[in-house]
Amino acid sequence: MVPIKAKNLVLGGDFGCFSFQEIKIMTTGGDGGMISTNNKKYVKDLKTLSYHGWDQDPLERHKKSLNKNKLKHWNYSITALGFKYNMTDLMAIIGMVQLKKLKYFNRRRSEIIKNYIKSLKDCKFLKPAFPYSFNNSSYWMFTLRCKKRDELIEYLKSKNIATTVYIKPLPLHPLYKKYKFKINNSLKIWKELVTIPTYPNMNKKQLNHVIKHVKIFDQKFANDQISS
Ligand SMILES: *Cc1c(COP(=O)(O)O)cnc(C)c1O
């Protein structure tokens, strides 16, 4: 890999990064992302890096050539080793429409998660993975902690309920195995984590179906504990 060395680029605190992957709080049509900065001096470098290392935005170049005849509208220079991370018009227009729905998406996800927390509070063997707090937050998934996670996944699958295990600790992947690590807590807790559905269009019936079966599993688990 080639290290990126853009002029004046310092990492840490100057940028915000956003993912518009299809599973996030909003999407730009399947995938995409955004980088923001509050510092004007980085904007040009970011634009250059995101588009083949070109020194000028093609549209700007064309506009300028109309004003000053000396500039050739087709001319460009490569000034950095760049990428092709530009957003297409189609993605941008989907993103603009999604942005209008963002408040609704966030509200619905919060409602769903609050409902889960309230409905599952009496479960003995399952609990929310985190102390969820709804002030100024926009959760996009809800994670449960359960000692019999894999059985829970299988049980929910048999009831047509989709789950996933999000973000496996890196040292468990073959590529990173060779690095020394000490993440005992992560490895222990990760085995108990599972996410359950939180999509904004989830209706009451679907939500109740999930809650019902998570509770049944908890009850079954409780009975197993007693009988074994
Ligand atoms: C979404 C997400 C990613 C991946 O984002 P991309 O837009 O695919 O680069 C990585 N890490 C975390 C924690 C995420 O939530």
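Trainee: What makes L90 count as exposed?

Mentor: L90 has a relative accessible area of 62%, and a residue is called exposed when that value is over 50%, so L90 falls in the exposed class. Please keep in mind throughout that the model is predicted.

Trainee: Where does L90 lie, and what patch does L90 belong to?

Mentor: L90 sits in helix α3, and together with I93, I94 and M96 this leucine makes up a nonpolar patch on the surface, the four residues having about 400 Å² of accessible area together.

Trainee: Which residues make up the patch of positive charge?

Mentor: That surface patch gathers K118, K121, K204 and K215. K121 belongs to the loop that runs between α3 (89-119) and β3 (126-128).

Trainee: How do you know whether K121 is buried or exposed?

Mentor: Its relative accessibility is 59%, and the exposed class begins over 50%, so K121 counts as exposed.

Trainee: What makes the contact between E111 and R107 a salt bridge?

Mentor: Their side chains come to 3.4 Å, N to O, and the rule asks for a side-chain nitrogen of Lys or Arg within 4 Å of a carboxyl oxygen of Asp or Glu, so the pair qualifies. The two residues are 4 apart in helix α3, which means that about one helical turn separates them. E111, at 36% relative accessibility, counts as partly exposed, and R107, at 47%, counts as partly exposed as well.

Trainee: Why does the pair of D224 and K220 pass the rule for a salt bridge?

Mentor: The N to O value for these side chains is 3.7 Å, and the limit is within 4 Å, so this contact is counted as a salt bridge. Both residues lie in helix α6 (residues 204-227), where they are 4 residues apart, about one turn of the helix. D224 has 30% relative accessibility and counts as partly exposed, as does K220 with 43%. Elsewhere, salt bridges with shared partners join R107, R108 and E111 into one network.

Trainee: What can be said of D150 and R149, and is each of them buried or partly exposed?

Mentor: D150 forms a salt bridge with R149, their closest N and O atoms being 2.9 Å apart. The relative accessibility of D150 is 46%, which lies between the limits of 20% and 50%, so D150 is called partly exposed. R149, in contrast, has a relative accessible area of 8%, and because buried means under 20%, R149 is placed in the buried class.

Trainee: How many salt bridges are there by this rule?

Mentor: The count comes to 5. In general, side chains of opposite charge can pair when their charged atoms come close.

Trainee: How many disulfides does the structure hold, and how do you know that C123 is in none?

Mentor: The number of disulfides is 0. For C123, the nearest cysteine sulfur is that of C146, 9.4 Å away, whereas a disulfide needs sulfur atoms within 2.5 Å.

Trainee: What makes the phi values of H52 and I167 worth a remark?

Mentor: Most residues other than glycine have a negative phi. H52 is not a glycine, yet its phi is positive, about 55°, and I167, also a residue other than glycine, has a positive phi near 60°. H52 is found in the loop between α1 (40-50) and α2 (58-67), and with a relative accessible area of 31% H52 is partly exposed. I167 lies in the loop between α4 and α5, and its value of 62% is over the 50% limit, so I167 is exposed.

Technical notes. Residues numbered from 1 in each chain as written. Predicted model: local features only at pLDDT ≥ 70, side-chain atom pairs only at ≥ 80, totals over all residues. Heavy atoms only, no water. Patch = residues over 30% accessible without salt bridge, like charges linked within 9 Å, V, L, I, M, F, W, Y side chains within 5 Å. Areas by Shrake-Rupley, 256 points an atom, 1.4 Å probe, with all protein chains shown as cover. Lys, Arg positive; Asp, Glu negative; His and termini not counted. Charge placed at Lys NZ, Arg CZ, Asp CG, Glu CD. Buried < 20%, exposed > 50% of the residue type's maximum accessible area, 1.4 Å probe, protein only.
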